[in-house]
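Hello,

Here is the structure I promised to send over. Please open it alongside this message, and I will walk you through what turned up.

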Amino acid sequence: MDDTTKKKITYVNTEVHPSESAIVVNYYLQLIAVTNAGRQTASERKSLQKVIKVRISEQSDISAVAREIIEKYPKLIPAIKMRELEACLKLLQERGGSVPELAKGKDGAGGRATPMSIAATASNMLEAYSRNGRSSPIKEEASLDMIENYIEGLYEDISEKVISTRNILALAKNPQNLDVLMGNESLISAISRTLREDNKKSMELVTNIIYIFFCFSNFPQYHPFITANKVGDMCLRVTDQELNRFNLWSTDLAKLEARSVQSRDPAIVRELEKEHRKFQAMIKKQDQLLFVCFHLLLNLAEDISIEVKMVKRNIVQYLLKILGRETPELLLLTITFLKKLSIFRENKDELVQSDSVYLKIERILSIENSSLQSLSLRFLLNLSHDSKFRTIMVENGCIIRLMEFLHSKTHVIPCLQLLYQMSIDDRNRDVMSSADIMRMILEYRGERVNAELMALAINLATTKRNAELIAEDNGIKFLIRRALKSKDTCIFKMLKNISIHEGEIQYMFLDYIDELLLFLLKNVSEPEVFVEVVGILANLNIADFDFVKLSQSYSLLDLVQKKLAYAVATVSGSTKISNKSNDDSDEDSAIARLAEDDDITLEVIMLLGTMAHDENIAPIVARSDTLQLLMDLMIIKEEDDEIVLQIIYCVYHFLLYESTRNILINKTQIVSFLIDLLYDRNREIRKMCDVCLDIISVKSLEINDEWVKKIKNQKFQWHNSEYLGIMAELLVQQEEAQVVASNRKATAGTEGLATKKVAIGSRTYYSRLNESDEGSSSDNDDDFETQIGGTRAILDGP
């Protein structure tokens with residue numbers, strides 16, 4: 001088979017087009033070839049650009065336009081780049097859209113923007129953060145010619161270091177300068193030293209330095225350089241330091257609040273208000289620093305080996321603590337990182353240990369931010385593959401919250417996916433509102449209903465309460481008409497699940513039985529539709545229903561017989577082919593064809609079992625080859641428990657009628673098959689065989705007494721084999737107990753216990769007795785042996 005190819009897109013930055021009313025997205029595109037064995041081969045990355053034209057005016061809502069662009073190009077522009085995109089759009093709005101023709105130059109250039117055409121405006125969101133946190137403005141524009149002065153400033157006091165790092169950061173924001181900065185070993189060495197030595201002295205200084213390295217981290221070719229300078233390690237250390245600092249701030253503020261409540265002194269109240277403002281300002285700066293740290297780590301985590309190291313350094317717990325923050329951009333980044341980590345089982349298990357994760361995400365879902373809500377829902381979807389976490393979600397009212405989100409067009413798909421995951425557990429299905437789901441199906445204006453919506457509806461239809469809600473107001477009529485028109489297999493699956501429920505619901509299907517059968521006969525060659533319609537008919541186990549008339553009108557029994565004959569012929573033919581050929585691929589393809597037909601075969605057998613409820617069908621079956629085909633299929637499919645069980649169920653019904661019972665007993669080997677299956681590993685098969693043999697032993701007295709004796713003898717041996725198996729287990733336990741008791745006697749003396757021999761056949765079992773019974777043991781050997789069976793219990797049969 002051919003290999004599959006995946007595209008990996010890595011976002012770089014967003015720029016304003018130099019002349020047009022458009023933005024330019026720079027990104028890397030890498031093609032990854034995936035073989036059938038799962039091996040991945042990556043091609044060389046290509047640097048590409050995407051020009052997105054934007055209609056913008058002075059009255060335009062920048063946030064709405066940015067949100068629309070991200071929703072249109074979700075793979076190209078990550079949601080966490082919202083602020084950067086807004087900054088570009090703001091510049092475009094201030095410029096007034098397109099540049100006049102005279103501004104384009106003599107040659108009329110102005111088509112595609114390139115990194116050389118304008119200065120890069122990468123990470124404008126972070127720039128807005130740092131602009132808010134500056135202690136003093138930049139006095140002059142940064143220049144590469146001043147780089148030696150900036151290096152000297154890194155050896156001065158903290159204020160000079162802040163100014164120097166700010167100028168270096170201004171240079172690093174331009175991707176064209178990165179190679180020059182990287183080549184200056186003195187600069188990189190001084191920056192790394194400053195980060196290690198002064199990370200506790202100034203938050204702005206640390207933010208500037210990590211921001212510089214973040215600019216490098218946007219390009220994969222610089223990742224080895226960042227790793228070599230242990231920048232990732234310093235980011236984790238800084239994160240731990242800042243989280244501890246936040247805990248201290250919170251503790252001090254809580255103490256001051258307690259004092260204010262107790263004393264009610266105006267001076268303390270004023271001091272508390274001042275501390276609150278100071279606390280909020282510090283948190284804003286700290287969020288900026290944490291944002292840069294985690295964004296850099298997220299970029300480095302593209303390398304799985306580095307991601308594993310981060311997990312070992314407890315990054316999952318750091319990210320969980322950040323979920324309690326309020327800054328939307330930081331929350332977006334944090335959830336993006338957690339979503340990436342949750343793909344791996346070890347990280348997922350750590351995340352679902354308690355309900356704290358869901359409670360934090362639930363709080364975030366209440367924030368009016370479409371991108372943040374959508375990302376949170378997709379993160380929950382990753383975690384919902386764990387059954388324990390699904391239980392936590394249900395207990396905390398997640399289903400009700402998700403049903404509310406269904407009314408939002410933005411979040412409807414992730415909500416449906418989440419609800420489907422939760423509907424996997426039977427206990428959750430009754431909690432969900434199938435009325436809303438049915439309304440969405442009714443309102444869907446497409447030829448095929450959305451796959452996520454139908455998958456959820458199929459699961460919900462398995463419960464009777466939901467099936468009754470769906471059936472209200474001619475729901476079944478609508479579904480059948482739509483299914484017959486569109487041939488949508490998902491709707492047929494939903495109808496099949498609805499038809500399972502006995503009572504009034506099944507009677508509703510009778511109004512459309514003729515339409516279903518006509519549709520069935522026209523689509524015999526379409527297996528996906530055929531199997532679902534046959535399944536619906538097989539579920540209609542309605543008392544006193546005239547299947548004979550139905551069979552005569554639509555040749556239904558003939559269709560069943562043809563499908564059974566085809567199944568036998570297909571399996572027999574493929575067996576001969578596989579015996580003649582040693583080619584593994586041919587054998588695998590034959591098995592694959594059988595697997596596709598097995599579903600149809602199973603549904604056809606179940607339909608025959610349903611039709612067998614009508615006693616008038618028995619004479620017709622007796623005159624056909626149907627019973628012999630069932631026996632042949634039982635032999636061929638002996639390893640398929642489900643098919644064998646359904647065949648035995650059909651046999652059970654036909655044994656109740658004289659015409660088919662005579663055929664089964666006299667012209668097939670059904671008795672031998674049933675006796676052999678008494679020892680099957682499947683409990684349900686054993687039970688059905690036992691019931692069928694009881695019917696034969698009672699009803700066949702008129703035919704042949706030898707069958708009765710044979711069945712009784714075989715059933716006795718079957719029950720006796722179970723008895724011997726239990727006694728064998730008892731033997732092992734008693735021998736182990738005897739060894740333990742012997743060891744105790746050798747070390748600590750006797751415990752006053754004795755053993756008693758019990759003969760079962762040719763083997764000897766031991767029974768542990770109290771010392772008080774030892775004197776009477778020899779007198780009661782025969783009685784005790786008789787009580788548990790003894791050798792005569794095995795030899796004396798009926």
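Below is what I found, going from the whole chain to single residues.

**The chain as a whole**

Please keep in mind that this is a predicted model. The chain has 798 residues, and 47% of them count as buried. Its secondary structure comes to 41 helices and six strands. If we take the contacts with a separation of 6 or more, 72% of them join residues 24 or more positions apart.

The chain has a mean pLDDT of 79, and 80% of its residues reach 70 or more. Among the elements, the highest mean pLDDT, 93, belongs to helix α35 (residues 641–655). At the other end is helix α41 (residues 790–795), which has the lowest mean, 32.

Two stretches call for caution. Over residues 129–139 the pLDDT stays under 50, and the model has 19 contacts beyond four places in sequence for them. Residues 749–798 also stay under 50, and for that stretch the model has 73 contacts beyond four places in sequence. Where pLDDT is low, the predicted coordinates should not be read in detail.

**The largest pocket**

How much space lies in the largest pocket? The value is about 1,900 Å³. The pocket is lined by 43 residues, and those closest to its centre are Pro74, Lys75, Pro78, Thr336 and Lys339. Several elements give two or more residues to the lining: strand β1 (4–16), together with helices α1 (62–72), α11 (266–300), α12 (304–312), α14 (328–341), α17 (370–383) and α20 (412–423). By residue type, the lining divides into 19 nonpolar, twelve polar and twelve charged residues.

**Two positive phi angles**

Asn474 is not a glycine, yet its phi is positive, at about 60°. You will find Asn474 in the loop between α24 (464–471) and α25 (475–486). Its relative accessible area is 55%, so Asn474 counts as exposed, the cut-off being over 50%.

Lys487 is another residue other than glycine with a positive phi, in this case near 55°. Lys487 sits in the loop between α25 and α26 (489–498). With 31% relative accessibility, Lys487 counts as partly exposed.

**Some buried helix residues**

Leu205 belongs to helix α8 (residues 203–217). What makes Leu205 count as buried? Its relative accessibility is 1%, and buried means under 20%. Leaving aside neighbours within four places in sequence, Leu205 is in contact with Ile158, Lys161, Val162, Thr165, Thr194 and Asp198. One of these partners, Thr165, is 40 residues from Leu205 along the chain, with 7.1 Å between the two C-alpha atoms.

Leu629 is part of helix α34 (residues 626–636). Leu629 has 12% relative accessibility and therefore counts as buried under that cut-off of 20%. Which residues does Leu629 contact, leaving aside its neighbours within four places in sequence? They are Gln561, Leu564, Ala565 and Val568. The C-alpha atoms of Leu629 and Leu564 are 6.4 Å apart, although 65 residues separate the two along the chain.

Ser551 is in helix α30 (residues 547–554). Ser551 counts as buried, at 8% relative accessibility. Not counting residues up to four places away in sequence, Ser551 touches Leu556, Leu557, Met611 and Ile617.

Ser57 lies in the loop between β4 (46–53) and α1. Is Ser57 buried or partly exposed? Its relative accessible area is 34%, so Ser57 is partly exposed. Between Ser57 and Leu92 the C-alpha to C-alpha separation is 9.0 Å, and the two residues are 35 apart in sequence.

Best wishes

Definitions and conventions. Residues are numbered from 1 along each chain as its sequence is written. This is a predicted model: local features need pLDDT of at least 70, side-chain atom pairs count only at pLDDT 80 or more; totals for chains, interfaces and linings use all residues. Side-chain values use heavy atoms; hydrogens and water are left out. On a 1 Å grid over the protein atoms alone, a cavity is a set of points where a 1.4 Å probe fits but cannot get out, and a pocket is an open set with protein on both sides within 12 Å along at least five of seven lines; lining residues have an atom within 4 Å of a point. Grid points are joined across faces, edges and corners, and a volume is the space filled by probe spheres set on the points. Helices (H or I, at least four residues) and strands (E, at least two) are DSSP runs, numbered from the N terminus. Ala, Val, Leu, Ile, Met, Phe, Trp, Tyr, Cys and Pro count as nonpolar, Asp, Glu, Lys and Arg as charged, and the others, Gly among them, as polar. Buried means under 20% relative accessible area, exposed over 50%, partly exposed in between (1.4 Å probe, protein chains only). Contact means heavy atoms within 4.5 Å. pLDDT is the predictor's confidence in each residue, from 0 to 100.
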